[in-house]
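Reader: I'm new to this one. Could you show me how to read it, one feature at a time?

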Amino acid sequence: AGDGLRHCRIRPGQPDPLQSLIELFLKDARSRLDKMTAAMEHSDAAAMISNAHTLKGSARNLGAAHLGRLCADLEKTVKIGGMGEAATILLEMRGAFEHVQQALLAELQK
């Protein structure tokens, strides 16, 4: 998918849309992970579900399927009251995000 996106570049001198998309995703994902951590500390299930749902869509749109699956797992777990298990999933999500971030930043170097 990355090669296809590279061929859709805008005219020389214009901003790189792929770089803008990646930067926006990374900034938003970090913010949502932080919000979920804070929500976990305050047992705010609604905030956890909302942020996980939004991050799930963004991750899937960028092809980060594993991160998207973890977001879906977190949503489901919190909905049934599994806050303890949700903490473990949130840690996994942070690790998955780090991998996604590395891959996206490497894509920008191409």
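Author: Let's start with burial: buried means under 20% relative accessible area, exposed means over 50%, and partly exposed is in between, using a 1.4 Å probe and protein chains only. At 15% relative accessibility, lysine 56 therefore counts as buried. Before we go on, this is a predicted model, where local features need pLDDT of at least 70, side-chain atom pairs count only at pLDDT 80 or more, and totals for chains, interfaces and linings use all residues. Residues are numbered from 1 along each chain as its sequence is written, and side-chain values use heavy atoms, with hydrogens and water left out.

Reader: Which residue does lysine 56 meet in a salt bridge?

Author: The general idea is that a side-chain nitrogen of Lys or Arg sits within 4 Å of a carboxyl oxygen of Asp or Glu. Here, lysine 56 pairs with glutamate 75, at 2.8 Å from N to O. Glutamate 75 counts as buried, at 6% relative accessibility. As for the labels, helices (H or I, at least four residues) and strands (E, at least two) are DSSP runs, numbered from the N terminus.

Reader: How many salt bridges does a search of the whole structure find?

Author: Three. Another one joins aspartate 34 to arginine 94, with the closest N and O atoms 3.0 Å apart. That pair links distant parts of the chain, since aspartate 34 is in helix α2 and arginine 94 is in helix α5, 60 residues apart. Aspartate 34 is partly exposed at 47% relative accessibility, and arginine 94 is partly exposed too, at 29%.

Reader: And what does arginine 32 form a salt bridge with?

Author: With aspartate 28, the closest N and O atoms being 3.1 Å apart. Both residues lie in helix α2, four residues apart, which is about one turn of the helix. Arginine 32 counts as buried at 17% relative accessibility, while aspartate 28 is partly exposed at 24%.

Reader: At what angle do α2 and α5 pack?

Author: For this, axes are lines fitted to C-alpha atoms, for helices over the stretch in contact, and angles run from 0 to 180 degrees between N-to-C directions. Helix α2 (residues 17-41) and helix α5 (residues 83-108) pack at about 165°, their axes 11 Å apart. That makes α2 roughly antiparallel to α5; angles under 35 degrees count as roughly parallel, over 145 as roughly antiparallel, 65 to 115 as roughly perpendicular and the rest as oblique. The residues of their contact divide into 18 nonpolar, three polar and four charged. Nonpolar covers Ala, Val, Leu, Ile, Met, Phe, Trp, Tyr, Cys and Pro, charged covers Asp, Glu, Lys and Arg, and the others, Gly among them, are polar.

Reader: What about α2 and α3?

Author: Those pack at about 155°, with axes 9 Å apart, making α2 roughly antiparallel to α3.

Reader: How far does α5 reach from its first C-alpha to its last?

Author: The expected span of a helix is 1.5 Å times one less than its number of residues. With 26 residues, α5 reaches 36 Å, close to the expected 38 Å. For α2, the 25 residues should span 36 Å, and its end C-alpha atoms are 36 Å apart, which agrees.
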